[in-house]
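Subject: Handing over a structure, with notes

Dear colleague,

I am passing on the structure below, together with some notes on what was found in it. Please keep it open while you read, so that you can follow each residue by its number.

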Amino acid sequence: MNTPTRLERNSTSHSFMIDQILGRPSEKLKRLQVLLVSISWIAVLMLGPRTPPGAKRLSAILKGLSPWQIYIFSMTSMYIIKNIDRLFGAVPPEPLKNLYTRSFYRAIWISTALDAGFWTAMNIRSTRIRNLASIIFSGYYLIFADQAERTVARYRANINVDMLRVSWSKSQNPYLSAVQWFFSPTLRLYTPLKVKRPSESRYKSSIKGMLYFEGSAEQLRKASKVLLHFPGGGFVTMDPIDHNIYLKYWAKKLRIPIFSINYRKAPEYPYPAGLYDCYESYLAIIQTKGQCIGLSGQRIPEIVLFGDSAGGNFVATTVIKILEEKSKQMLPLPSGIVLAYPCLDLNYTSWLTPEQARYILGSKSESEKEMPKKAAPSTLNLVRSTYSTVSGLAGHPKKLPSFSFDKIEPADVLMDEDLKQQGRISPTTKKPALSNDESSRLQVTSRVAYVCDPIITPEMLRAMAILYLSPKSSPDFENDYLLSPVKAPLEILAQFPRTYIMCGEVDPLVDDSVLFAGRLKEAKLRYPELSPYNEKNSSQASDIDDIVKVMLIRGFSHGFLQLLPFLPEAKIARERCRVWIKALFDFASSYESDDELEASDDDSIDSEEFAQFKEYTMSDMQSETEASAAHLSTAESDRSDEGNDQLEFSSSRSLLSKTNTPERSDSRKAVRIRKNQLKLNRHSTWEKSNMLTEASLLERRLANISQDLGSSEAELNRTDSHD
């Protein structure tokens with residue numbers, strides 16, 4: 001892809017000198033100039049001399065050539081003259097050369113061609129002609145890639161909401177939707193839904209959404225888990241159907257209902273309308289126990305939240321709203337949240353603050369220096385464990401089932417050489433003479449470092465922020481954490497549920513993911529008593545790494561889940577998100593199917609990944625069972641003659657002997673027994689939360705009834721006094 005400087009050079013190289021003479025570009029004058037130049041040259045050909053003065057010698061040379069040869073010679077000469085700088089190596093270096101994988105670079109080429117084609121045809125009035133012309137123009141731009149880049153650069157320089165919607169809702173084109181249908185599975189239940197808002201809502205309209213479920217209506221009633229999806233789209237566009245390509249896949253694989261919210265979009269409904277749609281959809285499911293989306297309503301379902309891009313912002317802010325209202329309504333937290341390349345900070349700045357830099361570069365803050373060593377590991381170690389970078393994606397486009405996502409290497413903090421290559425610091429930057437604190441050095445944000453990103457450009461980010469907030473608003477970017485969840489206080493972040501984040505390593509928004517995860521970990525280290533997982537040793541970093549996970553995919557930028565048809569590696573990211581979602585549900589219910597980790601049940605996770613899990617599980621459980629054996633041997637001498645105690649000891653001995661056998665069936669049985677040991681405790685906690693929520697809802701209903709009775713009594717008293 002080309003840089004903005006080169007794009008500008010290519011654009012102006014085909015512009016007309018009349019712009020420079022007049023000092024201002026004019027499309028009308030350009031059109032007139034094209035018409036006059038064409039008429040002039042046609043007149044010369046028709047009325048002028050057959051041989052121009054001084055060209056007789058050239059004409060004699062060309063006389064022996066056929067018209068076809070003359071045409072080829074002319075076009076070749078023009079091509080050589082146009083690219084003479086490339087022949088002599090006089091072109092500027094390509095800054096995006098080593099940023100992306102080969103597959104992602106090809107996906108960018110296709111995406112750019114589609115954007116150019118759809119924007120070129122967007123002003124055609126007839127819908128049928130516009131849909132067909134969009135595909136035809138896109139085919140043209142696939143061949144002439146440089147022309148596509150110049151066209152897209154001009155449109156993005158004057159981006160508006162209509163262009164954003166045309167670009168990001170391309171999947172609604174009937175021809176592209178047919179291609180997407182080919183890649184997406186069919187579901188038994190795939191229908192739009194309207195959910196009634198809670199009674200205390202200030203809005204009256206219903207919440208619209210789309211339900212995905214692989215099962216019958218009766219099976220839907222028996223469901224006890226729900227994936228609540230908030231789609232991305234820059235706060236201004238993209239309905240749930242624009243995300244069908246991975247939502248249908250998850251619904252087919254997970255066998256749970258997925259409800260995707262079609263929240264109201266800006267600029268027609270600016271902040272905070274979309275946020276309240278997402279929060280109130282969660283509240284409606286809790287209050288109706290899932291009846292609003294077709295569940296039986298016998299118990300509150302377990303809910304996992306998923307959001308990509310702008311939807312990730314709504315997921316984080318919805319959890320914050322739940323925590324703020326929890327004391328009033330006793331709302332249960334979701335079982336966990338999964339964020340894909342989220343936009344978590346709307347304060348678009350150029351420089352990292354020292355507070356932000358220490359999460360990325362690593363250093364100790366003043367508060368950490370005062371904390372005990374056991375309670376607060378250094379931020380450098382915290383950052384090293386904040387995220388892991390997936391490598392090796394580029395080399396396995398044709399061997400997806402055999403690729404193991406557990407082949408990841410812990411990513412060190414970004415060092416000087418890496419930062420220089422990515423443009424994050426200047427090559428001439430030197431360390432301060434009186435400080436060894438890396439966070440005191442000047443560092444640019446990822447939005448500036450990857451300013452040339454062709455997927456999400458600075459013009460797009462600016463337009464989305466203005467449209468979402470409305471031009472007349474004056475938001476408080478530093479303190480309004482419902483706009484920028486990364487700014488939320490640590491006391492709130494410490495109460496967050498399990499959070500899994502996935503993002504491209506060269507995404508302009510990658511800092512949002514890393515900083516948010518770093519603050520989450522710091523909050524849970526500093527306030528372990530506020531964590532919803534306040535168990536023994538919950539303040540240890542190893543446990544926090546299981547609660548907060550970040551995975552950065554090397555060579556990927558923004559929106560890779562939308563590029564699935566022409567980005568094979570994105571299928572692995574889609575599968576990893578599915579595994580995360582299921583793991584969150586399994587943790588909440590303390591249940592996992594026997595065959596979840598078996599390769600025959602999940603063909604997208606290979607036998608090597610299962611072997612790694614099995615090895616970890618067996619080694620971890622062996623130490624526990626050895627301790628249990630020692631405890632049981634001690635208790636054996638002191639135990640009573642009761643048959644129940646003897647039976648318990650015998651069954652435990654049997655479990656220990658089965659654990660040490662290498663057979664897979666025994667290992668799965670041991671894993672199941674091990675997990676069931678914690679089932680009662682966690683299940684009782686969940687039931688207690690449900691009971692408290694139900695009691696809170698009943699209390700609120702009684703309060704409303706009492707208020708209505710009081711109003712009626714007052715009205716009767718006024719009527720009696722009047723009579």
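In which helix does Tyr141 lie? Tyr141 belongs to helix H8, which covers residues 127-143; helices here are DSSP runs of H or I with at least four residues, strands are runs of E with at least two, and both are numbered from the N terminus. Before going further, please note that this is a predicted model, in which local features need pLDDT of at least 70 and side-chain atom pairs count only at pLDDT 80 or more, while totals for chains, interfaces and linings use all residues. Residues are numbered from 1 along each chain as its sequence is written, and side-chain values use heavy atoms, with hydrogens and water left out.

Tyr141 has a relative accessible area of 8% and is therefore buried, a word that means under 20% relative accessible area, whereas exposed means over 50% and partly exposed lies in between (1.4 Å probe, protein chains only). If neighbours within four places in sequence are set aside, Tyr141 is in contact with Ala113, Ala116, Gly117, Thr120, Gln147, Ala148 and Thr151, where contact means heavy atoms within 4.5 Å.

Among the contacts with a separation of 6 or more, 76% are between residues 24 or more positions apart.

Helix H13 (residues 244-254) is largely enclosed by the rest of the structure, because nine of its 11 residues are buried; among them are Tyr246, Lys248 and Trp250. H13 is followed by Arg255, whose phi is positive, near 60°. H13 packs with helix H25 (residues 570-589) at an angle of about 45°, with the axes 11 Å apart; such axes are lines fitted to C-alpha atoms, for helices over the stretch in contact, and the angles run from 0 to 180 degrees between N-to-C directions. The two helices are therefore oblique to each other, since angles under 35 degrees count as roughly parallel, over 145 as roughly antiparallel, 65 to 115 as roughly perpendicular and the rest as oblique. The residues of this contact divide into seven nonpolar, no polar and five charged, where Ala, Val, Leu, Ile, Met, Phe, Trp, Tyr, Cys and Pro count as nonpolar, Asp, Glu, Lys and Arg as charged, and the others, Gly among them, as polar.

A second pair is formed by helix H14 (residues 273-287) and helix H15 (residues 310-329), whose axes come within 9 Å and cross at roughly 50°, so that H14 and H15 are likewise oblique to each other. Their contact residues comprise eight nonpolar, five polar and two charged.

Finally, Pro508 lies in the loop between strand E9 (499-504) and helix H23 (510-526), and it counts as buried because its relative accessibility is 1%. Leaving aside neighbours within four places in sequence, Pro508 is in contact with residues including Ser446, Tyr450 and Ser557. Pro508 is 167 residues from Tyr341 in sequence, yet 9.5 Å from it in space, C-alpha to C-alpha.

With best wishes
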